[in-house]
Structures are given as structure tokens and as C-alpha cells.
Amino acid sequence: MHLKRPHTLSGGRPAFGKALAAATLATLLAACSSQPQGAPMTQPPSPSSSPSSSAHTLQAYDWDLVAAHDARGQAAPGWLLAGKRPLRLHFEAQRLSVQNLCNVMGAGYTLSGPNLQVGQPVSTKRACAERDLMDLEQRVATLLPQAQRWELRSATATTAPQLAVWFADGSRWELASSPTPATRFGSAGERMFLEVAPERVACNHPLMPQAQCLRVRDVRYADNGVRQGVGEWRIFQGEIEGYRHEPGLRNVLRVQRYSLARNGQLPADAPSHAYLLDMVVETERVR
């Protein structure tokens with residue numbers, strides 16, 4: 001028996017359909033970590049680097065919310081949820097995506113010196129049973145277009161870069177940085193689709209007796225999202241970062257693949273590429 005549960009966008013269209021080619025979702029990626037927080041920022045600090053350098057830094061990191069303040073500088077409740085990952089901002093190619101909400105949200109943005117403008121966000125339309133997360137998502141969608149200023153606090157020997165964003169109502173966010181995958185691996189990576197079989201299989205591993213590996217095959221889509229074909233099933237050595245396999249579920253994943261070669265040399269007795277989960281495109285429970 002097959003129970004198929006495709007992820008859908010507005011209007012009920014499958015996420016692997018025409019929406020795959022839509023620019024609004026082209027840069028909506030995933031991951032989560034945070035870095036140490038420095039002293040609170042109550043006023044926009046003076047620029048410490050050139051605008052072009054700051055813009056490059058903005059896109060080289062993902063930004064996790066660590067504190068929110070109201071117009072009086074007091075802690076604003078409700079922006080950080082207990083037991084949940086903090087919301088994350090990702091800037092790329094004039095597109096801003098917000099992750100770790102119920103849905104993946106994106107909007108266009110422009111920079112002009114210290115000024116930041118964010119367009120009206122659009123998002124996937126997945127229902128979420130967690131009311132607090134849905135409420136947070138609605139608040140984020142309302143506040144983001146009110147962004148007015150941004151500033152970076154440069155990295156030191158003990159702290160990573162930090163970002164502050166001020167909004168029209170006088171409130172502000174403080175965000176900590178973690179390197180994007182492109183920064184970590186030194187390249188933009190390659191987007192691909194993998195179908196993951198419902199069950200792991202026995203495989204050879206030099207360091208793990210009785211190892212169990214994922215079984216995957218490549219999936220090819222046309223520009224309009226129509227599936228064109230699949231490759232042969234193969235053993236997948238290693239894991240897909242950000243993906244947790246659940247026995248009995250067949251998944252189609254959108255992933256980014258990054259070469260692990262350094263100075264033209266691949267690591268010995270280790271995977272040649274790192275794979276990071278971008279989006280779960282399709283889920284099917286197999287009984």
C-alpha cells in the first residue's frame with residue numbers, strides 16, 4: 001500500500017512541478033547553527049568595512065536570530081520559541097529566504113549603504129500543526145517589509161560576524177552567523193535530485209562492521225518540473241547532511257553536492273562529495 005504525501009505550494013501544485021523553476025524558491029535552502037553573541041547593539045554602529053565587503057559577508061553566512069528588541073530597547077517576547085530552532089535569514093542573488101519556520105519564505109531585497117529594503121514575502125503553503133510556529137511565521141511576514149537599516153559587526157578572534165536589522169517601528173533583530181555551505185566548501189555546489197529507498201541495506205564500510213547504508217538513485221526533471229527519468233539504484237556511502245532517514249518512507253530530495261577535493265586531490269578512503277539537504281520534494285510511506 002502506498003500513501004503519497006507530496007509537499008505542495010499555493011494552489012495545491014506539487015512542489016516538484018512547475019514551481020521548481022520559479023525564481024521565488026530557487027534560493028530557499030536549509031541548515032542550522034549559531035555562533036557566540038557579542039555585546040548588545042542598541043544603536044547602529046559606524047561602518048567598519050566597505051559596502052561591497054559587507055555585502056559579500058552578508059551572503060557568505062547564514063544568520064540566526066539570537067535576540068529581538070522593541071523600540072524602547074527592551075527584549076521583545078515571542079520571536080524565539082522554546083525547543084525550536086531560531087529563524088534563519090539567507091541572502092543570495094538579491095533574494096532573501098527565511099528558514100526554520102513552518103514554511104519556507106522568500107522575498108527580494110536591495111541594499112543601499114546602510115539601508116535595507118525587503119519586498120513582500122511569498123512562501124510555500126504547507127499547513128503546520130504547531131500554532132506558535134504559524135503565528136511566528138505570520139509575524140515575520142508582516143515585519144520583514146518594514147526593514148530599514150542593517151549593520152555588520154566584524155569578526156574578532158573569538159566571535160564570528162554579527163548582523164543587526166532595524167525596522168520602521170524602531171524594533172531590531174540581532175543575528176549570529178554561520179558559514180553557508182558555499183563558504184564552507186569553497187564552491188556554489190551542484191543541485192541534484194535523489195530518490196531515497198525506504199530501507200537501508202548492508203554495505204561495506206572500512207571503519208564500521210555491519211554498516212547499513214542508504215540506497216539512492218538520481219531523478220531527472222525537465223525545466224517545467226515533469227519527471228524525465230531515473231537512474232539505477234546504488235549504495236550511498238556516508239550521509240546527507242540535514243536529512244534524517246525514517247524506515248518505511250521513500251523520499252525524493254533536492255540536494256546540493258559539493259566536491260571535497262582540495263588542491264585537486266580527493267580524500268583517500270572517504271567520500272568524494274558532501275551532500276546537503278535542500279528540500280524534501282516528495283514523501284511516500286511504503287507498507
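Q: Why is C128 called buried?
A: C128 has a relative accessible area of 19%. Buried means under 20%, exposed means over 50%, and partly exposed is what lies in between (1.4 Å probe, protein chains only). Since 19% is under 20%, C128 counts as buried.

Q: What kind of model is this, and which pLDDT values do its local features need?
A: It's a predicted model, where local features need pLDDT of at least 70 and side-chain atom pairs count only at pLDDT 80 or more, while totals for chains, interfaces and linings use all residues. Residues are numbered from 1 along each chain as its sequence is written, and side-chain values use heavy atoms, with hydrogens and water left out.

Q: What makes C102 buried?
A: Its relative accessible area is 4%. That's under 20%, so C102 gets the label "buried".

Q: How do you know that C203 and C213 form a disulfide?
A: Check the sulfur atoms: they are 1.9 Å apart. A disulfide here is a pair of cysteine sulfur atoms within 2.5 Å, so this pair passes. By this rule the count comes to 1 disulfide.

Q: Why is the disulfide of C203 and C213 called right-handed?
A: Because the torsion about its S-S bond is about 70°.

Q: Are C203 and C213 buried or exposed?
A: Buried: C203 has a relative accessible area of 12%, and C213 comes in at 5%.

Q: What is there to notice about the phi of Q210?
A: Phi of Q210 is near 55°, a positive value in a residue other than glycine. Most residues other than glycine have a negative phi. Q210 is found in the loop between β12 and β13.

Q: What makes Q210 exposed?
A: Q210 has a relative accessible area of 80%.

Q: Where is N100, and what is its phi?
A: N100 lies in the loop between β4 (95-99) and β5 (105-112). Its phi is near 70°, again a positive value in a residue other than glycine. With 13% relative accessibility, N100 counts as buried.

Q: How do you know that M279 touches V252, L253 and R254?
A: Contact means heavy atoms within 4.5 Å, and M279 has such contacts with these residues, not counting residues up to four places away in sequence. The C-alpha atoms of M279 and L253 are separated by 5.9 Å, though the two residues are 26 apart along the chain. M279 belongs to strand β18 (residues 273-286) and is buried at 14% relative accessibility.

Q: Why is the link between the side chains of T283 and N251 called a polar contact?
A: A polar contact is a pair of N or O atoms within 3.5 Å; within protein, one must be able to donate a hydrogen and the other to accept it, and residues adjacent in sequence count only if both atoms are side-chain atoms. The distance here is 2.9 Å, so it falls within that limit. T283 is in strand β18 and, at 5% relative accessibility, counts as buried.

Terms used
Helices (H or I, at least four residues) and strands (E, at least two) are DSSP runs, numbered from the N terminus.
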